[in-house]
Amino acid sequence: MRFRSILRVSGGRTKSAFSLSRFEAKRPLSQLCTNHERPSFGIAFDIDGVILRGRKPIGNSPQALRKLYDESGTLKIPFLFLTNGGGVPESKRASELSELLGVNVLPSQVVQGHSPFKKLVKSFENELIVAIGKGEPANVMAEYGFKKVLSMDEYASYFDNIDPLAPYKMSPNDITSTASSPRYDVSSERVQAAFVVSDPVDWSRDIQVLCDILRTGGLPGKEIGHQPPLYFAADDLEYQAAFSSERLGMGAFRIALESIFNRIHPDALQYTSFGKPHPFVFKNAENILNQLQPFSRDNQVVKDGDAIGHPLTSLYMIGDNPAVDIKGAQQAGHPWFSFLTRTGVFRGNENHEKYPADLVVDTVEDAVNYILDKEITSSRKI
Ligand SMILES: [Mg+2]
């Protein structure tokens, strides 16, 4: 990698990071985008540990993002958010991000861990499925087009005593409120698939009921049956939230479920995980970036499969997690270029040993300044 070599020659990561501060946007963005032509590059931002910590912007992220719009708030540089997080529909997440960051974010600019679940609608559109996780997992799936979806909260509430610890938990409302009027006859209708949409809240209940569903072929309390498909939106072992050290993520939940299931069931757990670092996530991001239409009044996206003009020739991934963001960009290969920030999971002085980024920076603003400066310089040479 060219920039890794440059860093070694220049004497180390810290020096390189300091030198980035001089890339403060001194040159106008208009130099990049004359005559409303689309730039030849796009940017993918991780959210947790790069843009936000909890709900608090970090690394001057609002200022950095504003540099990608013109004075009137029209998008000039194609970018999207590429996160393994989720739990709310993309439209709602876009509104939240717009409010927190002060820019106009479209639903099409938000790719969450569970976004690829849309592609499974054809297989399970009219089948009973269960959606697990914080936030609004059933709403997410319903918005994608799944017609018979129950949240784990609702599904578990249909079974008396399925969770023997329920009376000891702080919020038993969900467990008792809907039990009287089930929408489906879960004693005879099998769950055809389970989707872990976002980080599970009640691990003990969710592991218990998932084991019930998975080992009985979708009918808890009944005889052993064929395991229905199980999907995870992501497989992050840890992620950076508001607390000072990393928190256990969906990958940790998957390990717990898998360990237990494999002890109580003769066949090993079968599952599929989505999210970064899988290369298809980056391919999908590339397709979306190629379809984003800057300079339009409402920052439209063209319909699937129709790229606008020339494909983007440089794609930048800005992330904080070497095993997720950087590994993913490396695997995706050309034209992806990776930035590792020091505002989240990664805090090292040097580059990450196992998954070294093309460039290490202190903050997302440093990365954006670097990109804009580099692209302006290269556009002048043409
Ligand atoms: Mg992150």
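**A loop residue, then the sheets and helices**

Visitor: Is Glu-350 buried or exposed?
Guide: Glu-350 has 11 other C-beta atoms within 10 Å. A residue is buried if 20 or more other C-beta atoms lie within 10 Å of its own, partly exposed in between, and exposed if 12 or fewer, with C-beta atoms placed from the backbone. Because its count is 11, Glu-350 is exposed.

Visitor: What kind of model is this, and how are its residues numbered?
Guide: This is a predicted model, in which local features need pLDDT of at least 70 and side-chain atom pairs count only at pLDDT 80 or more, while totals for chains, interfaces and linings use all residues. Along each chain, as its sequence is written, residues are numbered from 1.

Visitor: Where does Glu-350 sit, and how far in space is it from Val-360?
Guide: Glu-350 belongs to the loop between β14 and β15. Val-360 is ten residues away from Glu-350 in sequence, and their C-alpha atoms are separated in space by 8.0 Å.

Visitor: How many helices and strands are there, and what share of the chain is buried?
Guide: Helices (H or I, at least four residues) and strands (E, at least two) are DSSP runs, numbered from the N terminus. The chain has 13 helices and 15 strands. Of its 382 residues, the buried share is 45%.

Visitor: Which strands stand at the edges of the six-stranded sheet?
Guide: The open sheet has the order β5-β4-β1-β13-β14-β15, with parallel pairing. Two strands pair if DSSP finds at least two bridges between them. Each edge strand has a single partner, so one side of it is left without a neighbour in the sheet; these strands are β5 (110-111) and β15 (359-361).

Visitor: In β4, which residue is the bridge partner of Ile-43?
Guide: β1 also pairs with β4 (residues 79-82), in the parallel sense, over three bridges. The partner of Ile-43 there is Phe-79.

Visitor: Why is β1 described as largely enclosed?
Guide: In a regular strand the side chains alternate between the two faces of the sheet. In β1, Phe-41, Ile-43 and Phe-45 point one way, Gly-42 and Ala-44 point the other way, and all are buried. β1 is largely enclosed by the rest of the structure because its buried residues number five of five.

Visitor: At what angle do helices α11 and α12 cross?
Guide: Axes are lines fitted to C-alpha atoms, for helices over the stretch in contact, and angles run from 0 to 180 degrees between N-to-C directions. The axes of α11 (residues 279-291) and α12 (residues 322-332) come within 8 Å, and the crossing is at roughly 75°. Angles under 35 degrees count as roughly parallel, over 145 as roughly antiparallel, 65 to 115 as roughly perpendicular and the rest as oblique, which makes α11, relative to α12, roughly perpendicular.

Visitor: What is the make-up by class of the contact of α11 with α12?
Guide: Residues are in contact if their C-beta atoms, placed from the backbone, lie within 7 Å. Pro-279, Val-281, Phe-282 and Lys-283 of α11 meet Gly-328, Ala-329, Gln-331 and Ala-332 of α12. Ala, Val, Leu, Ile, Met, Phe, Trp, Tyr, Cys and Pro count as nonpolar, Asp, Glu, Lys and Arg as charged, and the others, Gly among them, as polar. The contact has five nonpolar, two polar and one charged residues.

Visitor: Which elements do the buried residues of α12 pack against?
Guide: Nine of the eleven residues of α12 are buried, so the helix is largely enclosed by the rest of the structure. Among them are Val-324, Ile-326 and Ala-329. They pack against α11, β13 and β14.

Visitor: Within what arc do the buried residues of α6 fall?
Guide: In α6 (residues 137-144), Pro-137, Ala-138, Val-140, Met-141 and Tyr-144 are buried. The arc is that of the directions from the helix axis to the C-beta atoms. These residues line one face of α6, because seen down its axis they fall within an arc of 160°.

Visitor: Which strands are at the edges of the five-stranded sheet?
Guide: This open sheet runs β7-β6-β8-β9-β12, and the pairing is parallel. The strands that pair on one side only are β7 and β12 (272-273).

Technical notes. Two residues are in contact if their C-beta atoms, placed from the backbone, lie within 7 Å.
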